[in-house]
Amino acid sequence: MAQFSVHDAKTNLSKLIADALEGGDVVIARGNVPVVRLVPVAPRGKRRFGALKGKIAIDARFNEPLPDSELGGWNLT
């Protein structure tokens, strides 16, 4: 575990980011007390249009108006 002071982290931030991306354990400390661990962010997955096609079914009544008994629960003014 590599531990750096806040001052050293400010000075060498690019190097510390590269170390963390390579899997290194980078810890930033105030004095001798470790306070922050620098870790890479997991990449976001790509969205794919139509990914749920065939997995979701919409009932034939979807576009029908709600009955009065259910409309009473909505605060429509």
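**View 1. Ala29, a buried residue of strand S2****.** In this predicted model, Ala29 is buried, with a relative accessible area of 2% (buried means under 20% relative accessible area, exposed over 50% and partly exposed in between, with a 1.4 Å probe and protein chains only). Ala29 lies in strand S2, where strands (E, at least two residues) and helices (H or I, at least four residues) are DSSP runs numbered from the N terminus. Leaving aside neighbours within four places in sequence, Ala29 is in contact with Gln3, Phe4, Ser5, Val6, Pro34 and Val35, contact meaning heavy atoms within 4.5 Å. The C-alpha atoms of Ala29 and Asp8, which are 21 residues apart along the chain, are separated by 9.7 Å. Residues are numbered from 1 along each chain as its sequence is written. Local features need pLDDT of at least 70 and side-chain atom pairs count only at pLDDT 80 or more, whereas totals for chains, interfaces and linings use all residues; side-chain values use heavy atoms, with hydrogens and water left out.

**View 2. The pairing of strands S2 and S3****.** Strand S2 (residues 26-30) and S3 run antiparallel and are joined by five bridges; two strands pair if DSSP finds at least two bridges between them.

**View 3. The open sheet of three strands****.** The strands of this open sheet follow the order S1-S2-S3, with mixed pairing. Strand S1 (2-5) and strand S3 (33-38) stand at the edges, each with a single partner strand, so one side of each is left without a neighbour in the sheet. From one strand to the next, the twist averages 35°, based on axes that are lines fitted to C-alpha atoms (for helices over the stretch in contact), with angles running from 0 to 180 degrees between N-to-C directions.

**View 4. The setting of the sheet in the protein.** The protein has three helices and three strands, and along the sequence they follow the pattern β-α-α-β-β-α. The radius of gyration, taken over C-alpha atoms, is 27 Å, well over the 11 Å that the globule rule gives for 77 residues, so the protein is more spread out than a compact globule; that rule is 2.2 Å times the number of residues to the power 0.38. Along its principal axes, the C-alpha trace spans about 65 × 35 × 20 Å, and buried residues make up 9% of the 77 residues.
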